[in-house]
Amino acid sequence: MRATLSLHSMDLGYRSLVVGASGALGSAFCELLREDPRCAAVRELGRGSSPALDLENPSSIAQAAATLAAEGPYQLILHSAGLLHRPGLQPEKSLAALDAQALQAVFQVNALGPALVLRHFLPLLHARGKMAMLSAKVGSIGDNRLGGWYAYRASKAALNMLVKTAAIELARSRPQSCLFSLHPGTVASGLSAPFRGAALARPAHQAAADLLSLVDRLGPAESGGFFAYDGERLPW
């Protein structure tokens, strides 16, 4: 039996919310949070939830937040949705592969939709709450040595800037709350399956546990930061 993960930085009876709850990491987050004896409730959001939240449908983001406003505040909000590939859309290996519609789709899911999640769900965050957005190390401009994957890299870089900027604003009104951008590593999931390195991917449950443990350790002094699952601060 695995040990139960408990988030001791959270109040007893804290409420949590996971956006992208149907994905590999999102499902693992929900499972671990439901097992945490300190967690009183786990709200799961996604395209198939009620209320539904679809990052490609901006009005659904606002509507979901409005529906859940009376249920909050949430002391933990996790955003785990993202887009790297799907039928008809693959990460680019060269500039010649850039396509306007693909760029728009990737930015909508990885940056524009999450920007609206920040706008509508940060008001639902507890005054001592923590919100984490899943980014990716390939979104680091300073760490980019291989090139390629234009849309995914750029959209995650944009997400990091959104998180940093929102964290500055958040600190002015709620200095004890936190907002982070997190890199989960390569996780065994549909997102990573087609690519080199997938064989070395960590199980989603392990990745989710590592990220929750990290969120538990991070505090207001680290708000606005970009961190890997092992706690390493990543370059922008």
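Guide: On a 1 Å grid over the protein atoms alone, a pocket is an open set of points with protein on both sides within 12 Å along at least five of seven lines, a cavity is a set where a 1.4 Å probe fits but cannot get out, and lining residues have an atom within 4 Å of a point. This is a predicted model, in which local features need pLDDT of at least 70 and side-chain atom pairs count only at pLDDT 80 or more, while totals for chains, interfaces and linings use all residues. Residues are numbered from 1 along each chain as its sequence is written, and side-chain values use heavy atoms, with hydrogens and water left out.

Visitor: Which residues line the second largest pocket?

Guide: Its lining consists of Ala115, Leu118, Arg119, Leu122, Pro123, Ala166, Glu169, Leu170, Ser173 and Arg174. Helices (H or I, at least four residues) and strands (E, at least two) are DSSP runs, numbered from the N terminus. The second largest pocket has a volume of about 180 Å³; a volume is the space filled by probe spheres set on the grid points, which are joined across faces, edges and corners. By class, six lining residues are nonpolar, one is polar and three are charged. Here Ala, Val, Leu, Ile, Met, Phe, Trp, Tyr, Cys and Pro count as nonpolar, Asp, Glu, Lys and Arg as charged, and the others, Gly among them, as polar.

Visitor: How many cavities of 30 Å³ or more are found in the whole structure?

Guide: Rolling a probe the size of a water molecule over the atoms shows where empty space is left. In this model the search finds one cavity of 30 Å³ or more, and the largest cavity has a volume of about 40 Å³. Its lining is formed by Leu84, Leu89, Gln90, Pro91, Glu92, Ala102, Val106, Ala151 and Tyr152. Helix H3 (100-121) and helix H4 (150-173) each contribute at least two residues to that lining. Seven of the lining residues are nonpolar, one is polar and one is charged.

Visitor: At what angle do helices H1 and H5 pack?

Guide: Two packed helices are described by the angle between their axes and the distance between the axes. Helix H1 (residues 24-35) packs against helix H5 (residues 204-217) at about 65 degrees, and their axes lie 8 Å apart. Axes are lines fitted to C-alpha atoms, for helices over the stretch in contact, and angles run from 0 to 180 degrees between N-to-C directions. The H1 and H5 crossing is right-handed; a crossing is left-handed if the near helix is turned anticlockwise from the far one by less than a right angle, and right-handed if clockwise. On the H1 side, the residues that meet H5 include Ala24, Phe29 and Leu33, and on the H5 side they include Ala204, His205 and Leu212. Contact means heavy atoms within 4.5 Å. The contact of H1 with H5 has twelve nonpolar, one polar and one charged residues.

Visitor: Is His79 buried or exposed?

Guide: Buried means under 20% relative accessible area, exposed over 50%, and partly exposed in between (1.4 Å probe, protein chains only). His79 is buried because its relative accessible area is 1%. This residue lies in strand S3, and among the residues that His79 touches are Val19, Leu55, Pro114 and Met133. Gln108, in helix H3, also counts as buried, because its relative accessibility is 18%. Leu55, Glu56, Pro58, Gly113 and Pro114 are touched by Gln108, not counting residues up to four places away in sequence.

Visitor: Where does Thr4 lie?

Guide: Thr4 belongs to the segment before strand S1 (14-19). With a relative accessible area of 49%, Thr4 is partly exposed. Thr4 touches Glu35, Asp36 and Pro37, leaving aside residues up to four places away in sequence.

Visitor: Which peptide bonds are cis, and what is phi of Trp149?

Guide: Most residues other than glycine have a negative phi, and most peptide bonds are trans. The bond from Ser50 to Pro51 is cis, with omega near 5 degrees; Pro51 sits in the loop between strand S2 (39-45) and helix H2 (58-68). Another cis bond joins Gly72 and Pro73, with omega about 5 degrees, and Pro73 is in the loop between H2 and strand S3 (74-79). Trp149 has a positive phi, near 55 degrees, and lies in the loop between strand S4 (125-134) and H4. Its relative accessible area is 26%, so Trp149 is partly exposed.
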